[in-house]
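Hi,

Here is the structure I promised to pass on.

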Amino acid sequence: METVAGAARSVLLEADPAAKVRAARRVARAWRLGRLAHSFDVAMPDRPARPAMPPLLPPNQMPKRGRGGSARGRVALIHALAHIEFVAIDLAFDMAGRFGDQFPRAFIDDWLSVGADEAMHFALLDRRLRGLGSAYGAMPAHDGLWEAAEATAHDVSARLAIVPMVLEARGLDVTPVTIERFEAAGDAPTARILRRILSDEIRHVGRGTHWFESCCAARRIAPEAEWRSLLSRHFRGAVKPPFNDSARESAGLTRGYYETLAPN
């Protein structure tokens, strides 16, 4: 029987976007149906496979894409969002395959489900790009999300603190405004996709927060103080407002975590 670690690794090593989506769905379904052994017999790769396009640039070399007002600006923004979802597939499967042996089966349930969601999000955005005469890979992208994964590959608490509880949580803050911009531009199809993604991402942040707090409970330490400590060591950016407090609250990411980090 194929192991869950081997299956997760197969997703990470698939470079072609469409094939990665299919692999993510296959693995999540196989786990759900009991067709994967709860065994961790292989290591996750240091880096996932990537397609030849888009070219990956340092974040400070990315071209300006504007605020989404023009047709070209909207396509550029959708492309950037599609890239985030593409990398998020790997982040979820890496979470399961790299750290799953430290947790009960429910941890695998959660992160393979998240990975399947991210694959669906990417597919929706790529389809929308094609409907607008573009496609994923047509514009440059950056590798900042995977750099965060590399920086936290040694510590599941750090990975949970940074990826779902900072990077994905930021999506909760900015997506409502992005939806408004697409609606103002008359792009209802993209706005509908982003509303679906926002709903799912609240759940994803919630799962990250749940497992982070589980780690802290096992060590009998205060989660809010530990989260801030991990940010100071592993996150180079800033956690700053505006915050979508209601969405964060729904995900269990209460103000006690982040409000003291915001500049006055």
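This is a predicted model: local features need pLDDT of at least 70, side-chain atom pairs count only at pLDDT 80 or more; totals for chains, interfaces and linings use all residues.

Residues are numbered from 1 along each chain as its sequence is written, and side-chain values use heavy atoms, with hydrogens and water left out.

Searching the whole structure gives 9 aromatic pairs (Phe, Tyr and Trp rings, the six-membered one for Trp, with centres within 6.5 Å; planes under 30 degrees apart are stacked, over 60 edge-to-face, the rest tilted). Phe 86 and Tyr 136 make a tilted one, at 5.3 Å centre to centre and 45 degrees between the planes. That pair links distant parts of the chain, 50 residues apart: Phe 86 is in helix α3 (residues 71-99) and Tyr 136 in the loop between α4 (105-131) and β2 (141-142). Helices (H or I, at least four residues) and strands (E, at least two) are DSSP runs, numbered from the N terminus. Phe 86 counts as buried, because its relative accessible area is 0%; Tyr 136 is buried too, at 10% (buried is under 20%, exposed over 50%, partly exposed in between; 1.4 Å probe, protein chains only).

Next, Phe 103 and Trp 211 pair edge-to-face, 5.5 Å between centres and 75 degrees between planes. Here the loop between α3 and α4 supplies Phe 103 and helix α7 supplies Trp 211, 108 residues apart.

Cheers
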